[in-house]
Amino acid sequence: MRLQDQVAIVTGGAQGIGGATARRLAEEGASVLIADIDGDAAEKNAARIRDAGGRVTTLIVDVTRPDDLRTMVDTAVQQFGKLSILVNNAYGGSQRGQRGGATEVTEEAWEYGMAIMLKSIFLGAKYAVPEMQRAGGGSIVNISSVHGLLTAPGKLVYETGKSAIIGMTKQMACEFGPLGIRVNAICPGHIVTERMQARQWANNPEGIHFFEQQYPVRRVGRPIDIANAIVFLCSDEASFITGHALPVDGGLTIQLQEDLGVRLAHWILEHPQTQLPY
Ligand SMILES: NC(=O)c1ccc[n+]([C@@H]2O[C@H](COP(=O)([O-])OP(=O)(O)OC[C@H]3O[C@@H](n4cnc5c(N)ncnc54)[C@H](O)[C@@H]3O)[C@@H](O)[C@H]2O)c1
């Protein structure tokens, strides 16, 4: 086991990428605190981990609330004796009217987006780093996105938050490296989570094939793809890796766009029945 005796917090660890991450960290021997706004879903994921022999506890946490973040760190230490891993993964923004560019987005939506994506990482570190120091070191993994590397119209809040996560990751890596704490980010491509499947693909199963064509590996991602990368970054195998933003995206962001555009145009002509996702 690669994370024996480690203690991890996964925000948004009830389902999706965070859910798979909590399960993989536990499989590798870490004790895990699932910190999620959805207590029922968190308990369901915890039951899966316990059934598989893992050590886990849950806490209802809203990462936009500073007091919840402090309680989250305190609870992990009280329950498991220390803290050595923090995965900043929680996100739930599209229902808050964050879609749009600068002329559409409201100040409220902007502030919520910055709170859930950025302030949560700042305050998470404020409370977690002293505990990691006491534990003799640690690892922080921040979940950014391919949207942190490249941008799209209609997504001012998300693109700004996810690219700033990469900047914060580098700054914190410089700051905390001397303390034995590594900080990295992951930039996932399209990952078909339970929610993504229900929201985007359940009524359009053919549409996923259009998405798959955009990836050099000709598939989209699964939560386990990201969870495996997080386990690696938290393990001793990655002890010389800090401050990086690792794309886990099937090669999506390394393609020449001219080539991609022409290839997709051909694919659409050959599959005229396909309903395009958006
Ligand atoms: N799924 C993708 O295609 C994809 C791609 C790139 C990046 N990401 C990033 O990966 C992370 C996880 O995404 P996902 O697709 O697994 O999402 P998801 O919606 O499947 O799961 C998100 C989890 O976060 C929890 N959550 C939401 N708001 C919260 C809050 N304020 N406090 C605490 N918990 C909260 C939810 O209850 C849920 O359990 C996000 O940061 C997202 O931006 C996802």
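Modeller: Strands β5 (residues 138-143) and β6 (residues 181-188) run parallel and are joined by six bridges. Helices (H or I, at least four residues) and strands (E, at least two) are DSSP runs, numbered from the N terminus. Two strands pair if DSSP finds at least two bridges between them. This is a predicted model: local features need pLDDT of at least 70, side-chain atom pairs count only at pLDDT 80 or more, and totals for chains, interfaces and linings use all residues. Residues are numbered from 1 along each chain as its sequence is written.

Colleague: What stands opposite alanine 185 in β6?

Modeller: Asparagine 142 does.

Colleague: And what packs on the sheet, touching β5, β6 and β7?

Modeller: That is α5, and its direction makes about 165° with that of β6. Contact means that the C-beta atoms of two residues, placed from the backbone, lie within 7 Å. Axes are lines fitted to C-alpha atoms, for helices over the stretch in contact, and angles run from 0 to 180 degrees between N-to-C directions.

Colleague: What is the strand order in the open sheet?

Modeller: The seven strands go β3-β2-β1-β4-β5-β6-β7, with parallel pairing. β3 (56-60) and β7 (245-248) each have a single partner strand, so one side of each has no neighbour in the sheet. On average, neighbouring strands are turned by 20° against each other, direction ignored.

Colleague: Helices next. How do α4 and α5 sit against each other?

Modeller: The axes of α4 (residues 107-134) and α5 (residues 156-176) come within 9 Å and cross at roughly 15°. The two are therefore roughly parallel; angles under 35 degrees count as that, over 145 as roughly antiparallel, 65 to 115 as roughly perpendicular and the rest as oblique. The crossing of α4 and α5 is right-handed, meaning the near helix is turned clockwise from the far one by less than a right angle.

Colleague: Which residues make that contact?

Modeller: Among them are Trp110, Met114 and Leu118 of α4, and Tyr158, Ile165 and Met168 of α5. By class, the contact of α4 with α5 has 15 nonpolar, two polar and one charged residues. Ala, Val, Leu, Ile, Met, Phe, Trp, Tyr, Cys and Pro count as nonpolar, Asp, Glu, Lys and Arg as charged, and the others, Gly among them, as polar.

Colleague: Now α1. Which strands does α1 lie across?

Modeller: α1 lies across β1 (7-11), β2 (31-36), β3, β4 (85-88), β5 and β6, and runs at about 170° to β1.

Colleague: What about α1 and α8?

Modeller: α1 and α8 (residues 223-234) pack at an angle of about 50°, with axes 8 Å apart, and are therefore oblique to each other. Gly16, Ile17 and Ala20 are among the α1 residues in that contact, and the α8 residues include Pro223, Ile226 and Ala227.

Colleague: And α2?

Modeller: The axes of α1 and α2 (residues 39-51) come within 10 Å and cross at roughly 25°. α1 meets α2 through Gly19, Ala22, Arg23 and Ala26, and the α2 side is Asn45, Arg48 and Ile49.

Colleague: Last topic, the ligand. Which residues come nearest?

Modeller: Gly12, Gly16, Ala90, Tyr91 and Gly92, out of 28 residues around the ligand. A residue is near a molecule if its C-beta atom, placed from the backbone, lies within 6 Å of that molecule.

Colleague: Which helix gives the most to that shell?

Modeller: α1 does, with three residues. By class, the shell has 13 nonpolar, eleven polar and four charged residues.
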